[in-house]
Amino acid sequence: MGSKYTKRYTEEFKREAIALVDSSGKTVTAVARELGISSESLRGWYRRAKADQVEGAPGELTSSEREELRRLRRENREQQQTIEILKKATAFFVKESDR
């Protein structure tokens with residue numbers, strides 16, 4: 001569960017941190033310690049960057065695929081809500097027409 005005081009980093013900072021991991025030969029943890037950031041944050045940025053460059057683990061989603069998945073899940077949820085409303089409306093009108 002994240003804190004409401006979570007530090008936000010610019011995309012430029014993230015790119016530079018990832019480049020530092022690639023160019024320095026140091027571990028993600030060592031670079032994160034030098035930069036004063038969470039090693040888990042840097043590890044996540046690094047993994048996503050590699051996935052976006054098609055260098056990630058097999059089956060790992062790229063940023064665009066993750067965004068599309070988020071959008072499709074949102075659409076699916078909205079459509080399920082619409083279906084539930086229509087079912088209730090149908091039941092209501094069937095009951096009313098029987099009177």
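Author: Glad to! Lining the largest pocket are Glu 11, Lys 14, Arg 15, Ile 18, Trp 45, Arg 48, Ala 49, Asp 52, Gln 53, Ser 63 and Arg 66. A pocket here is an open set of points on a 1 Å grid over the protein atoms alone, where a 1.4 Å probe fits, with protein on both sides within 12 Å along at least five of seven lines; lining residues have an atom within 4 Å of a point. This is a predicted model: local features need pLDDT of at least 70, side-chain atom pairs count only at pLDDT 80 or more, and totals for chains, interfaces and linings use all residues. Residues are numbered from 1 along each chain as its sequence is written, and side-chain values use heavy atoms, with hydrogens and water left out.

Reader: How much space lies in the largest pocket?

Author: About 300 Å³, where volume is the space filled by probe spheres set on the points, joined across faces, edges and corners.

Reader: And which helices supply its lining?

Author: Helix H1 (11-24), H3 and helix H4 (63-97) each give at least two residues. Helices are DSSP runs (H or I, at least four residues), numbered from the N terminus.

Reader: What classes of residue are in that lining?

Author: Six charged, three nonpolar and two polar. Asp, Glu, Lys and Arg count as charged; Ala, Val, Leu, Ile, Met, Phe, Trp, Tyr, Cys and Pro as nonpolar; the others, Gly among them, as polar.

Reader: Let's pick Lys 14. What does it touch?

Author: Lys 14 sits in helix H1 and touches Tyr 9 and Trp 45, leaving aside residues up to four places away in sequence. Contact means heavy atoms within 4.5 Å. The C-alpha atoms of Lys 14 and Trp 45 are 6.9 Å apart, though 31 residues separate the two along the chain.

Reader: New topic: at what angle do H1 and H2 cross?

Author: Roughly 130°, with axes that come within 10 Å. Axes are lines fitted to C-alpha atoms, for helices over the stretch in contact, and angles run from 0 to 180 degrees between N-to-C directions. That makes H1 oblique to H2, since angles under 35 degrees count as roughly parallel, over 145 as roughly antiparallel, 65 to 115 as roughly perpendicular and the rest as oblique.

Reader: Which residues make that contact?

Author: Phe 13, Ala 17, Leu 20, Val 21 and Ser 24 from H1, with Val 28, Val 31 and Leu 35 from H2. Seven are nonpolar, one is polar and none is charged.
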